[in-house]
Amino acid sequence: MSNPNNPFAGLLGASDGKSTNENGSSNHEKIDMDVDQSQAEEKIKTINNIVQNVFHFTINANAIEGQSDTQLVYLEELARAMNPRFYIDLEALEQALFERLLLHDIQQCVIPKTSTVLKEHVIQNQVFPYLFSSMENVLSFNQYDKSYIRSALEKMKELIFRNAVTALKQPALFEGQDFASQLVEILQHVGPQSHTFFNDLVNAFVEDGDKDCQLQLKETMIPVLQKIHTDIHKSNIINLPIYILPSIQLFASNSNLAQILIEACEPKIETNGRLYQDSVIGALLNLSVLPRTTTGVYDFFDNPMDQSATSVTETSIWNASSHLTNNLHKIFLNLLKGGPQIKNRLLTWIGKCLKTNVARGKLWNIQAGEMSAATMTCVCDGFMINLGAVLLQLCQPFCTKADDPKSLKIDPTYGAVPPEECAAKSVHLDCLHSETCLLPARESEDGQPVKRPTSESYNFVTECFFMTQKCIDLGVRVCAEKLYRCGQELGRAQRTLSDVSGSHRAVEPMRRRALFLMTKFVSIRCALLEPNMLNNLHRLQAMTCTWLVQVSARTEAQAGSYAPCSLQTIRLPITTPPPDTLRCIPEFVLENTVVLITMARRTISALPDEADISGLLQPALTLVLTFMGDSTRTYNPHLRARLAECLEAMLPNHPDDQQPLSNIASFYREQLFKEHQHRLQLVPCLLDVFVGIEMTGQSVQFEQKFNYRRPMYLVMDFLWDNEEHREAFTRLAQEAEENMEAVHPPLFLRFVNLLMNDAIFLLDEALGNMAQIRTLQTAQESGAWSNLPAQEREQNFANLSHVGTLARFDNILGRDTIRTLVRLTAHAPYVFCHPTLVERIASMLNYFLLHLVGPNKKNFKVKDMKEYEFEPANTVLDICRMYVELGNNERFCAAVSDDGRSYSPQLFTLAEAVLVRIGGGGLISSLQEVATRVSTIAEQRQRDEEILANAPEEFLDPIMSTLMLDPVILPSSRTTVDRTTIARHLLSDQSDPFNRSPLSMDQVKSNTELKERIHSWITKQKQSIPENRTSTS
């Protein structure tokens, strides 16, 4: 827009006009610096030449004579008014500039008239591009140091901005001009001169204004922001116009514009969370690899199967995302530094945005998929991930390391402030008061909640921390769960597609569905794994782990503050009472760490080697060991189970890994479990949470319970191979043996009982599903499905796929459970042979051995057993190993023989035949010894049963219908049961089985009178048998 010719030509001697002498002849006037020329005339000529070069107008009709490439606008009316003067001095410049701006038919005023191609910058008829071009020209003369020239240049700047302000305040003078578009055009230059011009214009506008100045400025700038918003909306993360981010940065860094920017981003309806993305900043946060709307398409990864192309696209998107969030961070930072009022408005905007979008994080919203009530009223996934990335950058100054001293200033009571007190205490996120916290609020004697502790006010570090954690909860956590569910759905779709023949008419829709799910999966993964965001997230969560542990170890506030303030040495288990501050910390603060680490295991690149070495896993393991096994510090058993899942994600490579870790990452993790200062707490914590899932008193679905326990099995497998941790299992088993009759059952005893419960349920379900699969496959192979209607045939395919998924789930978990039982029976057989457990372990082994080696074993033979993770041979081997380990105990052999449902003398013979075929020959001799002992005891038990048949009803246990040997009275229901029966029941459920009242073993009373009668009757029965036999003979 500036003159391409040398702007100093007039000052260096080029002709600037034509004058007439007394004889009528004309001469070219030259600007020379002849000392004989008057100083005043020299200044006038110099300034006139600068004016012509800056503004491209003149009042001298002959100004460009002899200059072939120069064009000027001739201001004819002004020339007549100033005749005979033909130089424009500073006094005339103001009128000349104003007249130039109001000139309509500019092209008719250009000299020389012979010009055929007019230069754009000369005939520019738009006010702001013209003034901006003039300002650029003014700046080109800055190298001159003569005072009168510099003074003239300052005057020109002043006149440029005065006319610019006049145009903005009186737009009616310039009818038909779109000033908003013109200002955006200036911003599109991106260079420092355009931003300086814009800033100076705003400052001049404010300085020239009155009390309504800010309102006038807002009316001027809102259309500018709207046009920028429109440009953002037309763009995506890759092709965002280069001018936009610097322009918003300009608004944020100018105190007068920052207020307008914030106000323009505030939605008209504050309760509708989705409206927060309908603004300039919201539109920028919306830019992502993910769709902006529920029905939007995934714009990237057209061919997700092409790993090379996918990798290139990911890198491009990550670079663009990093550039976006870095600039947004600068924008937010400038707004925070813009003064108390602007800072308060920005924090309020963030707080309300998070509050009105809390529905995003609800379980029902995630399970509902793409279409739910929340997706229609909440911002999109990309928005929340980007906002989280920006807030993470704001957190970095206080999480440079896991134990950053600045992080110890975070006040844990922030989330307990009730909404009515938030404004007075500088709390801008006023929705945390209703969040579920690590511990519930205390209750008064009348059942009312006791007010939780709060501070008088909260610092920025505290507020930034909790806002970031809530944003991670609504963004990263939600998307990580969607990624996991999408991966599961993709796996099912691919398995279904492989099951359908190529000629089936449903193949193409299935293929399109699988491709869509793959694109979706890759897109969500790309959004979550942006490297810079992940690194910042690692640092924040490492700090959070340390902070949570420090808070949990505090017993009281220090120096009037609830923040930890200083580091304290941690010794686990923590024996002090839990602090009330844990009743103020929302659960999502702890769960966010679980999400990060488990996401890392599901998606390997989410936790690179650098994260291990930079110190995330050390504090994370301390956190897990602090909260996982301590229900006094984490009330929610489901959250404690998630911590066990987090523990599994920290393991080094194991056989089930689809994507193994690098060697260095695997080695580092192995050392973590060998050298961590609190590693000896691993086994007791793990068993405690395993048992805790069952003992919650809450309704826990089987599938959910086993989903929690499966990672625990993997951790146990790993710990069992380490001698130090194996000794921990041994100590717990010995403790259980010594306290089998304790009031509260030992941890290991309860653990073993639940293992058997799981094994019985899972193997039974697995065998049932395998039998159903065989039936379906047989029908399919026989051609029976071919004659069915298309809809019914497709339903059968879906049913086969569904049953197959359930079977695979049950087989995997059943295998893990049996594997754990094999190890424990070999290591602590005495626990399993205790009267409380022995009948259950014996009947379980008998039942499954009969199904797997008996006459019905063919019912479970299906095609592709590996696909369903069905390994009957290995299960038979494991069951036989347990028989051998426990078979030396007479009580166990008796329990095996007493099992009338599954035991028969032929059972072990059938097992031996199968062992020969599956490579278990080494177990046969040992199993035969067990079979002999069982057979001998069985004969004796048969004789005893004959003796004790027809026992009186009152002598029989009401639950098991067996003869009681040690009857006890339950205090609440007053029912009499056998001691062994109620002891076994209390391992799983510490309540009276007849009325559900709380119950423990110390409360039961021995029914001495009934016991004496039973044993007296038994004695008489045994004595009567020889008499009967003698009389018979």
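Which residue's side chain meets that of E508 in a salt bridge? The partner is R512, with 3.9 Å between N and O. This report describes that pair and other features of a predicted model.

**Salt bridges**

A search of the whole structure finds 47 salt bridges. E508 and R512 both belong to helix α20 (residues 507-528), where they are four residues apart, about one turn of the helix. E508 counts as partly exposed, at 39% relative accessibility. Elsewhere, salt bridges with shared partners join R710, D717, R808, R815, D816, R819, R823, E869 and E871 into one network.

K45 and E41 are both found in helix α1 (residues 39-55), four residues apart. K45 is buried, at 3% relative accessibility, whereas E41 is partly exposed, with a relative accessible area of 33%. E76 and R80 are four residues apart in helix α2 (residues 76-82), so about one helical turn separates them. E76 counts as partly exposed at 44% relative accessibility, and R80 counts as exposed at 54%.

| Salt bridge | N to O distance |
|---|---|
| K45 and E41 | 3.1 Å |
| E76 and R80 | 3.2 Å |
| E508 and R512 | 3.9 Å |

**Nonpolar cores**

The largest nonpolar core has 304 residues, of which F57, M156 and F748 touch the most other members. Helix α30 (residues 747-781) gives the most to this core, with 15 residues. Leaving aside residues up to four places away in sequence, F748 touches L687, F729, L732, A733, A736, L824, A828 and V831. A second, separate core consists of nine residues, among them V977, I982, L999 and M1001.

**Cysteines**

How many disulfides does the structure hold? The number is zero. For C646, the closest cysteine sulfur is that of C545, and the two sulfur atoms are 7.5 Å apart, which is too far for a bond. C646 is buried, at 1% relative accessibility. C265 is also buried, with a relative accessible area of 2%.

**A nonpolar surface patch**

I959 lies in the loop between α37 (924-947) and β6 (967-969).

Methods. Residues are numbered from 1 along each chain as its sequence is written. This is a predicted model: local features need pLDDT of at least 70, side-chain atom pairs count only at pLDDT 80 or more; totals for chains, interfaces and linings use all residues. Side-chain values use heavy atoms; hydrogens and water are left out. Helices (H or I, at least four residues) and strands (E, at least two) are DSSP runs, numbered from the N terminus. A disulfide is a pair of cysteine sulfur atoms within 2.5 Å. Buried means under 20% relative accessible area, exposed over 50%, partly exposed in between (1.4 Å probe, protein chains only). A nonpolar core is a set of buried Ala, Val, Leu, Ile, Met, Phe, Trp, Tyr and Cys residues joined through side-chain atoms within 4.5 Å. Contact means heavy atoms within 4.5 Å. A salt bridge is a side-chain nitrogen of Lys or Arg within 4 Å of a carboxyl oxygen of Asp or Glu.
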